[in-house]
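Trainee: Could you take me through how the pockets and the helix packing of a model are read?
Mentor: Gladly; let us look at the model together and begin with the terms.

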Amino acid sequence: MTANTLAGGTFTLADGLTVGRLGYGAMQLAGPGVFGPPADRDAAVAVLREAVELGVNHIDTADFYGPHVTNQIIREALHPYDGIVVVTKVGAVRDDQGAWVHQRSPEQLRAQVHDNLRNLGVDALDVVNLRVGGGDDGHSAVPGSIAEPFAALVEMQQEGLIKHLGISTVNAEQVAEAQSIAPVVCVQNAYNVAHREDDKLVESLAAQGIAYVPYFPLGGFSPLQSEVLNSVAARLGATPMAVALAWLLQRSPNILLIPGTSSLAHLRENVAAASLELPADAISELDAIA
């Protein structure tokens with residue numbers, strides 16, 4: 001596969017680890033509810049390969065997608081990952097009914113790391129995010145110490161199983177606690193143009209040269225907020241998703257995007273967002289909806 005150069009620029013997570021700011025989130029490659037296999041595995045493989053052909057070199061995943069299914073598809077499509085950074089996450093598993101179950105003891109995290117290693121077919125994972133929170137809505141930070149589970153990942157990093165560490169669904173205090181234990185290369189939280197609770201955290205991480213990776217780019221919009229987004233998109237001749245992604249890219253240079261889709265057409269629309277330059281009046285209008 002020969003990847004093109006993707007618009008949107010790049011960001012260096014760590015020495016020798018530079019990614020395009022527009023990545024790809026693999027969650028939707030699993031079956032309904034992110035559980036079980038997809039209806040068309042070949043189509044899922046094709047989406048991943050097309051993403052790389054379009055210039056994407058940052059793939060976000062987790063072995064609890066499926067479970068195991070998404071990582072196995074990534075391995076089939078992209079192994080040995082030449083020039084591709086695969087970022088995974090641990091801290092949860094799936095039960096027999098597909099429920100998301102927190103598992104963050106050192107022993108449980110070690111088992112999850114080895115599941116990722118085996119299903120991705122690698123000896124060491126590029127980046128592992130410790131997913132911490134959840135809350136009532138499933139994507140809110142839950143206050144409390146993360147020292148024990150993060151230290152368990154640091155131990156595996158020292159053993160050579162993990163190259164770099166990140167954290168997900170956390171607050172600023174938890175970010176600081178993790179940083180007091182070991183370097184953090186990325187923070188992955190729910191954030192979009194309508195939900196700006198992490199504004200200060202985005203800016204703090206940018207000042208430190210640490211990536212902020214938002215998920216749910218269109219999550220939790222009210223009807224009025226969606227109406228404004230749709231209006232801006234129509235005026236620019238773009239899709240609402242493209243506008244939401246473009247706003248994030250222009251929000252801060254440390255923001256990396258991981259939109260997911262199982263559709264080639266939607267993938268191409270998302271990639272086009274990296275080339276969409278929002279005019280100042282559109283940004284002002286979008287800023288106001290938060």
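Mentor: Helices and strands here are DSSP runs, numbered from the N terminus, and the model itself is a predicted one.

Trainee: Which helix and which strand each supply at least two residues of the lining of the second largest pocket?
Mentor: Rolling a probe the size of a water molecule over the atoms shows where empty space is left. In this model, helix 5 (172–181) and strand 10 (186–190) each give at least two residues to the lining of the second largest pocket, a space of about 350 Å³. Its lining has 21 residues, with His-139, Ser-140, Ala-190, Glu-197 and Asp-198 nearest the centre, and by class they divide into 8 nonpolar, 9 polar and 4 charged.

Trainee: Which element gives the most to the lining of the largest pocket?
Mentor: That is helix 8, with 3 residues. The largest pocket holds about 650 Å³ of space, and among the 30 residues that line it, Met-27, Tyr-65, Arg-131, Tyr-215 and Phe-216 lie nearest its centre. The lining comprises 16 nonpolar, 10 polar and 4 charged residues.

Trainee: At what angle do the axes of helix 7 and helix 8 cross?
Mentor: Two packed helices are described by the angle between their axes and the distance between the axes. Here the axes of helix 7 (residues 223–236) and helix 8 (residues 240–251) cross at roughly 100° and come within 8 Å, and the two helices are therefore roughly perpendicular to each other. Residues making the contact include Leu-229 and Val-232 of helix 7 and Pro-240 and Val-243 of helix 8; by class, the contact has 7 nonpolar, 1 polar and no charged residues.

Notes: Residues numbered from 1 in each chain as written. Predicted model: local features only at pLDDT ≥ 70, side-chain atom pairs only at ≥ 80, totals over all residues. Heavy atoms only, no water. Axes fitted to C-alpha atoms, helices over the stretch in contact; angles between N-to-C directions. Helix = DSSP H or I, 4+ residues; strand = E, 2+ residues; numbered from the N terminus. Parallel < 35°, antiparallel > 145°, perpendicular 65-115°, else oblique. Contact = heavy atoms within 4.5 Å. Nonpolar A, V, L, I, M, F, W, Y, C, P; charged D, E, K, R; others polar. 1 Å grid on protein atoms, 1.4 Å probe; cavity = no way out; pocket = protein on both sides within 12 Å on 5 of 7 lines; lining within 4 Å. Points joined across faces, edges and corners; volume = space filled by probe spheres on them.
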